[in-house]
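Subject: Structure for you to look at

Dear colleague,

Here is the structure we talked about handing over. Please open it beside this email and follow the residue numbers as you read.

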Amino acid sequence: MYRESLLYRRFSFDPTLCRNSFSFDFVKMTEESSLDGEEIDSSRGGFGDLASMDSIESRWVTQDDDDSENDVHDDDDDDDEDDEFYGTGLESEDEEIAEHRLIRARPRADSFDVEALEVPGASRNDYEDLTVGRRVLLAFQTLGVVFGDVGISPLYTFSVMFSKSPVQEKEDVIGALSLVLYTLLLITFIKYVLVVLWANDNGEGGTFALYSLISRHAKISLIPNQLRSDARISSFRLKVPCPELERSLKLKEKLETSLVLKRLLLVIVLAGTSMVIADGVVTPAMSVMSAVGGLKVGVDAVKQDQVVMISVAFLVILFSLQKYGTSKVGLVVGPALLIWFCCLAGIGIHNLVKYDSSVYRAFNPVHIYYFFKRNSINAWYALGGCILCATGSEALFADLCYFSVRSVQLTFVCLVLPCLTLGYMGQAAYLMENHADASRAFFSSVPGAAFWPVLFIANVAALIASRTMTTATFSCIKQSTALGCFPRLKIIHTSRKFMGQIYIPVLNWFLLAVCLVVVCSISSISEIGNAYGMVELGVMMTTTILVTLIMLLIWQINIVLVFAFLIVFLGVELIFFSSVIASVGDGSWIILVFAVIMFGIMYVWNYGSKLKYETEVQEKLSMDLMRELGCNLGTIRAPGIGLLYNELVKGVPAIFGHFLTTLPAIHSMVIFVCIKYVPVPVVPQSERFLFRRVCTKSYHLFRCIARYGYKDARKENHQAFEQLLIESLEKFIRREAQERSLESDGHHDSDSEEDFAGTRVVIGPNGSMYSMGDPLLSEYIELNKPIMEMNTSSDHTNHHPFDASSDSSVSEAEQSLERELSFIHQAKASGVVYLLGHGDIRARKDSWFIKKLVINYFYAFLRKNCRRGIANLSVPQSHLMQVGMTYMV
C-alpha cells in the first residue's frame, strides 16, 4: 500500500558556511512506500536519485501544534507497523521539556535510518579479487571439504540398491545404472550445481542462508525486532521487486501479513535444519562403515563385529581432528581425494574394457522404465538406495561458505562428475558378469592387484568425506543461532582470513556420541543407507521449497520456469522419499527420532525467545515515568559509563527500572546496548553501531544497536569493543549537533524568506543544494561554496538582521557540543561497567499444561545451559554487574 502526502519544510543555510543566512520553502509531492527498504524509482517525480532523502521529507511544527504526536514519539512508536524509529528530541541541557520548540511531524526520519545512510563501508566477499593461482588452490581444497560425501557414494549405492531389488538379469544392471546416472545429473548437477548454488546469501550457503535471504525481502521473522535501518547495511544488497511484477509484491504482502505462513515457513526451515544435523551423524557412520566393510572382501575371517569396532576407532579419530580447521585439513586431504577420484575413473575404465562396455546403453532413459516394469515394487524400494548417489548434493551448497561458487562448479564439472560416471559404469560392467557380488559391488569390482591400495585410499577418503556434513552442520548451527533459532554455543573460528570456517566443540562431541550409538545399534549398511537417504531427502525438499520462494520473490523469473522447477524436483524428491519412509521400521527410525529431538530444541528456543522479547516490549518503562524521575533518575549518578545489555531495539527495558530500585546509584552515562543479528552474512565494522538519544541531553541516556551478521566473528575484547562504541557515539553526537544547528538557523531566519520567495530547492544527501525550478534539478549550489561567490552572481546582497544572533547560537551550540564530548571522556576515564540483566520467563499459573512444560522446564533448561552473550567479549568479573528479573508470560 502506498500513501501520498503533501510535505512542507523550511530550509536554511548553515551560518558557519554562509555569512548571510537565508531561507526558503518548497513543496513536494512524494510517495512513501510501506514496504521497508523499497527504493523510489527515478521516474517518480523526476528525482529518483534523491530516494535516500527520507530524512528531510517532513514539515516543521511547534510542540503545541502536535502534542499527541509527540507523545507517541516519546513512547518510541511501539505500535508502528513498520518498526520505524522517528527522530528523538534534540533538546539542549538548558531547555525544559515543556518549552515550545520545533519538532518534526510525520513522516519523521528515523535517527537510526539517517545515521545508517551516513556510515561508509562496503561488504566484500572473501573470495573476490583472487588470483588465478588462488582460485585453482580453492578448487583443489573443495575436493576434501565439499565433494568428499558425493565422491564416496560409489562405495555403497549399488550395494544398497541391489539389497532391495536383487539382480535377475543383465537388463536389471543397465536399468539401475541408468537410474543412478540420471539421478546424479538431475539432482546434483542441474538442481544444485546449476541452480541452487546461485541462491547463496552473499557467499553463504545452507538452509538458514536461504531463510535469511528471504527474510531480507519480507518480514517473516516471528521476533519483531526488524529495523528499516537494517536495509542500509552495505552487505544487504536488497533487490526491490519490479513494479510490473505484481506477483512478487503480492507474495511479499502475503508472507508479511499471514502469521500462519510465517509459522509454516519457520517449521519447514527448522525441519530442514534438523535433517542437516541428523545428516552430520549418519554421514560419518555410513561412510566409515562402508569403507571398513571392504575388509570382509579381502579377508574372509573378518566379521561384522570387527568392522563395527574398527569403525568406532576411526570415528573417534575423525572427530578429534575436526578442530584443526577446514583450510588446513583441506590442503592436506585434497591430494588424497584427488587420488580417490582418479582411482574411481581408473577402475571404471579397466572394468569397461575387461567386462562389458555395453553399459553405455544406460544413457538411454528408457531403461529406467524397463527396470520398473520388470521389478515392480522392488524397483520402488530400490529408489531408497539410488538416492545415495546424490547424498553429497546438499554439502555442495551447505559448505559454500568455505569456497566460491565458481571453484565448486569448476571442480564438479571438470573432475567429480566424469570420475563418478566412470566409477558407476565400471561397477555396472563388472556386475553384468558377476550378479552374485551385487551386495558388495565396489570392492568386488576392484582388480586384485590394486585391492589393498584402493582399500586404503577408500578408508582415507571415507574419513575425509565424513567431515563434509560435519562442517556443513557447524555452519548451519551458527546461522540458526544468529537468527534466534538455536541456543548459543561456543564457536571457534579456525581461519583468520575466512570467517566462515568454524568449529563448535560441544556440537562436535555430541555428534560423535550419537554417531557411535548409530554404528553400534544399526550394523546393517542397508538400514543405515535408508536413514541416510531419509535425512538427505528431507533437506533436499526444504531447499526446493525455499529456492522456489526466492525465484518468485527475489529472482522474479518467468512463472512457468518457477513451477517447472518446483513440480519436477519436488515431485522427484517426494517419490524417493516415499520409498525410504516405507522402510523406516528397519532401524532408521533412530535417526528420525534424533531429527525430531533437534527440531523440538530449535522450536522451543525460538518460541521462548519470541515470548521473552514480546514480554520485554510490553513491560518496558514509559517515557512519562522517565520524565517524572528527572535527569538524575531518582537516584545518585556516579561517574562512569554503564553499558546495559538488553534485547530491545527500542524503548527503555524494564530491567533498567530494576537496576534503579536495586542499586544505590547509577552511572552518570548509561548506554542501552542491543546485540542484534541481522539477516546478512557480514556487517562491516564501520557500520557496526547505530545510536539514538533517550530523553533529553541532561539525562545522558543513549541507545546503541550493535549489529552483527550471522557469519561475523565476535572476537573483539572488551577494550576494543568499548573504544569502537565510544568513537561511534562521538560521531553520532557531532552529527546531531550539526542537525540542531541547521534547525536553529531555520528558526532564526524565519522572517527572511522574502529574499528567496518562489525559489524551490532541496538539499541532497551529499550536502548539495539543488534548484527545484523547471526543469527540475537544473542547477545547484554547493553548501560549502563561499558566500562572496554567491553574492557576485546574485542581486541579493542584503545583510540580514539575524547575523549576530546566528553567530551567538552557533557559539552556544559549539560550547554545548564540547561540554558533552568532555563529559563523555570524563565518564570513560572513570571506568566502564557492564550491566547485565538476566530476564527469565515463567508461564502464568492459568496457562495450559503444555505451555508450562515448554517454558518452565524445556526452555528454562536450554537457557540455563547455553552460552551467555557477554562471554564473547571476555569481560573481567570486576567490570560486571548482574541483576535478575522474571517475567510471567
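Below are the overall figures, then some helices, then salt bridges and a surface patch.

This is a predicted model, in which local features need pLDDT of at least 70 and side-chain atom pairs count only at pLDDT 80 or more, while totals for chains, interfaces and linings use all residues. Residues are numbered from 1 along each chain as its sequence is written, and side-chain values use heavy atoms, with hydrogens and water left out.

Overall

The secondary structure comes to 28 helices and 15 strands. Helices (H or I, at least four residues) and strands (E, at least two) are DSSP runs, numbered from the N terminus. Of the 889 residues, 58% count as buried. Buried means under 20% relative accessible area, exposed means over 50%, and partly exposed is in between (1.4 Å probe, protein chains only). The protein exposes about 35700 Å², and carbon and sulfur atoms supply 59% of that area. Accessible areas come from the Shrake-Rupley method with a 1.4 Å probe; for residues, only the protein chains shown count as cover. Among contacts (heavy atoms within 4.5 Å) with a separation of 6 or more, 84% are between residues 24 or more positions apart.

Helix α5 (residues 157-164) is mostly covered, with seven of its eight residues buried. Those buried in α5 are T157, F158, S159, V160, M161, F162 and K164. They pack against α6, α9, α14, α16 (405-431), α17 (441-445) and α20 (525-555).

S274 is buried, with a relative accessible area of 3%. Leaving out residues up to four places away in sequence, S274 touches A595, M598, F599 and M602.

Which residues of helix α13 (residues 366-375) are buried? They are H367, I368, F371 and N375. These residues lie on the same side of α13, because they cover an arc of only 110 degrees around the axis. The arc is that of the directions from the helix axis to the C-beta atoms. As background, an α-helix has 3.6 residues a turn, so residues three or four places apart point the same way. The exposed residues Y369 and K373 sit on the face of α13 turned away from its buried side. The cover over the buried residues of α13 includes α6 (170-195) and α14 (377-386). After α13 comes S376, which has a positive phi near 50 degrees.

Salt bridges

How many salt bridges does the structure hold? There are 14. A salt bridge is a side-chain nitrogen of Lys or Arg within 4 Å of a carboxyl oxygen of Asp or Glu.

- R374 and D172 meet through their side chains at 3.0 Å, N to O. R374 lies in helix α13 and D172 in helix α6, so the pair ties together parts that are 202 residues apart in sequence. R374 is partly exposed at 33% relative accessible area, whereas D172 is buried at 1%.
- K610 forms a salt bridge with E614, with the closest N and O atoms 3.0 Å apart. K610 and E614 are separated by about one helical turn, because they are four residues apart in helix α22 (residues 589-619). K610 is buried, with a relative accessible area of 14%, and E614 is partly exposed at 26%.
- D840 and R863 meet in a salt bridge at 3.5 Å, N to O. This pair links distant parts of the chain, 23 residues apart, with D840 in strand β14 (residues 832-842) and R863 in helix α28 (residues 849-865). D840 is partly exposed at 34% relative accessible area, while R863 counts as buried at 10%.

Surface patch

I559, V560, F563 and I567 form a nonpolar patch on the surface, and together they have about 390 Å² of accessible area. Patches are made of residues with over 30% relative accessible area and no salt bridge; like charges are joined within 9 Å and nonpolar side chains (Val, Leu, Ile, Met, Phe, Trp, Tyr) within 5 Å. F563 is found in helix α21 (residues 559-581). At 45% relative accessibility, F563 counts as partly exposed.

Regards
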